[in-house]
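Subject: Structure for you to look at, with notes

Dear colleague,

Here is the structure I promised to pass on, and below it you will find my notes. Please read them with the model open beside you.

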Amino acid sequence: MKTALIYHPIFLQHDTGPHHPERASRLQSILRKLKKSGIIDGLALIEPQQASVDDIALVHPKDYVMGIQKACAAGHGSLDPDTMVSKDSYEAALFAAGAMKTAADLVFGGEADNAFCMVRPPGHHARPAQAMGFCLFNNVAIAARYIQDRHKLNRILIVDWDVHHGNGTEEIFYNDPSVFYISLHQYPHYPGTGSKESRGAGKGEGFNLNIPMPAGSGDTDYIKAFQEIALPAINDFKPEFILISAGFDGHKDDPLSSVNLTESGYHEMTRILKAAAQTNCKNRIISVLEGGYNLLSLANSTHSHLKALLA
Ligand SMILES: [Zn+2]
C-alpha cells in the first residue's frame, strides 16, 4: 500500500512551442527533484491507460473531441491565444485523462492508498466545447464522471487550489449536486470567473464554493480558509471520493500569479484533505497536476505534496 505516481513519457511530446510557460521541462524538473530527493523510491511509478473517446465524452461532446484530434493532426497550431497543440498533443491529452482513470482504479481497488497524476496538458480551464488556458480536456471532470459511472459512487468532491479559477470544472458541474466543486484562487485574476456569488444553480445550488483569495495571500491565509470555510463544507457534503486539481502556480516564486504560497503551505493543504478523506471516504483521494510555471518551485511544491500523500 503506497502512493502511486502516474506518468507517461508521451506527456513530454505535447509541444506548445518556444517560450510557452506550459512546457515539457515542467515535468522533467519535477522528475529530477523526485529522483534527487530519493522520494521516488517510495512511490509506485505506474504508466496510465489511455482514455477512450467515450471516456472523454462523459464531459465533452464527441465532435469537440474530433475537432481537437483534427487540429493536432494538422501539426503545430493554436486553439486560442494561450492554447497550443502539436502532432502528439491529442494522444498526450488522452493519456492525461486516462491517468486519472488509472489512479481512481488503483485506489478503488486497494492497490494504492492514494495517487498523484503528473500530466500535461492540464485540464481545469477546458469548457465542455472550448479549449482554453493551456487545457484541452478537463481531466479532473472526466475523472469525477468516470468514478460515478464505473465505480457507482454518488458524491464526488473536487478541491482546486491552482491559483487560477477552474472555470471549466465549475461550468461542467454548476447544476449538479453530486459533484461539489471548491476552488481557492487569486481573485480577481485570469480567467475572470470565481466570485463568491457563484454558488451553483438549480439542483446544484450550494454545491459550488468559490473562495477568492486576494493577491498577496500566503500559507496562513490559505490554511485558515481551508479550516474555516472549506473543511466544514466538505464534512457536510460527506464525499465518497476526493479529487484535487493540484496547481502549484500559487507559489510565491511563480511568474503567473501574485499569491505567496510556499512548499509548506502545499504540504499542509494536502495533509488537511488527506485527513478529510480519512474521515469521509476510506482515504480515497487522488490528485492531478494543473499549473505551476517556475520550474524550481513547481518541483519543490510537488515534492511536498507527495511527501504529505505518502506520510
Ligand atoms: Zn493555474
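Is the crossing of α4 and α5 left-handed or right-handed? The crossing of these two helices is right-handed. Please keep in mind throughout that this is a predicted model.

**Helix α4 and its two partners**

The angle at which α4 and helix α5 (residues 139-150) pack is about 40 degrees, and their axes are 9 Å apart. An angle between 35 and 65 degrees counts as oblique, and therefore α4 is described as oblique to α5. On the α4 side the contact is made by Ala-96, Ala-97, Met-100, Lys-101 and Ala-104, while α5 contributes Asn-139, Val-140, Ile-142, Ala-143, Tyr-146 and Ile-147. Sorted by type, the residues of this contact comprise 9 nonpolar, 1 polar and 1 charged.

The other partner to mention is helix α3 (residues 62-73), whose axis comes within 8 Å of that of α4 (residues 89-108), the two crossing at roughly 135 degrees. That angle makes α3 oblique to α4. Here Ile-68, Gln-69 and Cys-72 of α3 meet Ser-89, Tyr-90 and Ala-93 of α4, and the residues of the contact divide into 4 nonpolar, 2 polar and no charged.

As for α4 itself, its 20 residues should span 28 Å at 1.5 Å a residue, and the end C-alpha atoms are 29 Å apart, which agrees. Just after the helix, Gly-110 takes a positive phi of about 75 degrees.

**Helix α8 and its surroundings**

Helix α8 (residues 263-280) has 18 residues and reaches 26 Å from its first C-alpha to its last, which is close to the 26 Å expected at 1.5 Å a residue. Its buried residues include Tyr-266, His-267, Met-269, Leu-273 and Ala-277.

With α7 the geometry can be stated in more detail: the axes of α7 and α8 come within 10 Å and cross at roughly 15 degrees. That makes α7 roughly parallel to α8, and the crossing in which α7 passes α8 is right-handed. The residues of this contact divide into 8 nonpolar, 5 polar and 2 charged. Among those in α7 are Tyr-222, Ile-223, Phe-226 and Leu-231, and among those in α8 are Gly-265, Glu-268, Met-269 and Ile-272.

Leu-309, which lies in helix α9, is in contact with Thr-270 and Lys-274, as well as with Thr-3, Asn-114 and Phe-116, if its neighbours within four places in sequence are left aside. Leu-309 counts as buried because it has 27 C-beta neighbours inside 10 Å. Its C-alpha atom is separated by 25 Å from that of His-125, a residue 184 places away along the chain.

**Backbone points to check**

Most residues other than glycine have a negative phi, and most peptide bonds are trans.

- Arg-120 and Pro-121 are joined by a cis peptide bond with omega of about 0 degrees, and Pro-121 lies in the loop between β5 (114-117) and α5.
- Tyr-187 and Pro-188 are likewise joined by a cis peptide bond, with omega near -5 degrees, and Pro-188 has its place in the loop between β7 (179-186) and β8 (208-213).
- Lys-152, in the loop between α5 and β6, has a positive phi near 55 degrees although it is not a glycine. Lys-152 counts as exposed, with 8 C-beta neighbours inside 10 Å.
- Lys-282, in the loop between α8 and β10, is also a residue other than glycine with a positive phi, here about 50 degrees. Lys-282 is partly exposed, with 13 other C-beta atoms within 10 Å.

Conventions. Residues are numbered from 1 along each chain as its sequence is written. This is a predicted model: local features need pLDDT of at least 70, side-chain atom pairs count only at pLDDT 80 or more; totals for chains, interfaces and linings use all residues. Helices (H or I, at least four residues) and strands (E, at least two) are DSSP runs, numbered from the N terminus. The expected span of a helix is 1.5 Å times one less than its number of residues. A residue is buried if 20 or more other C-beta atoms lie within 10 Å of its own, exposed if 12 or fewer, and partly exposed in between; C-beta atoms are placed from the backbone. Axes are lines fitted to C-alpha atoms, for helices over the stretch in contact, and angles run from 0 to 180 degrees between N-to-C directions. Angles under 35 degrees count as roughly parallel, over 145 as roughly antiparallel, 65 to 115 as roughly perpendicular and the rest as oblique. A crossing is left-handed if the near helix is turned anticlockwise from the far one by less than a right angle, and right-handed if clockwise. Two residues are in contact if their C-beta atoms, placed from the backbone, lie within 7 Å. Ala, Val, Leu, Ile, Met, Phe, Trp, Tyr, Cys and Pro count as nonpolar, Asp, Glu, Lys and Arg as charged, and the others, Gly among them, as polar.
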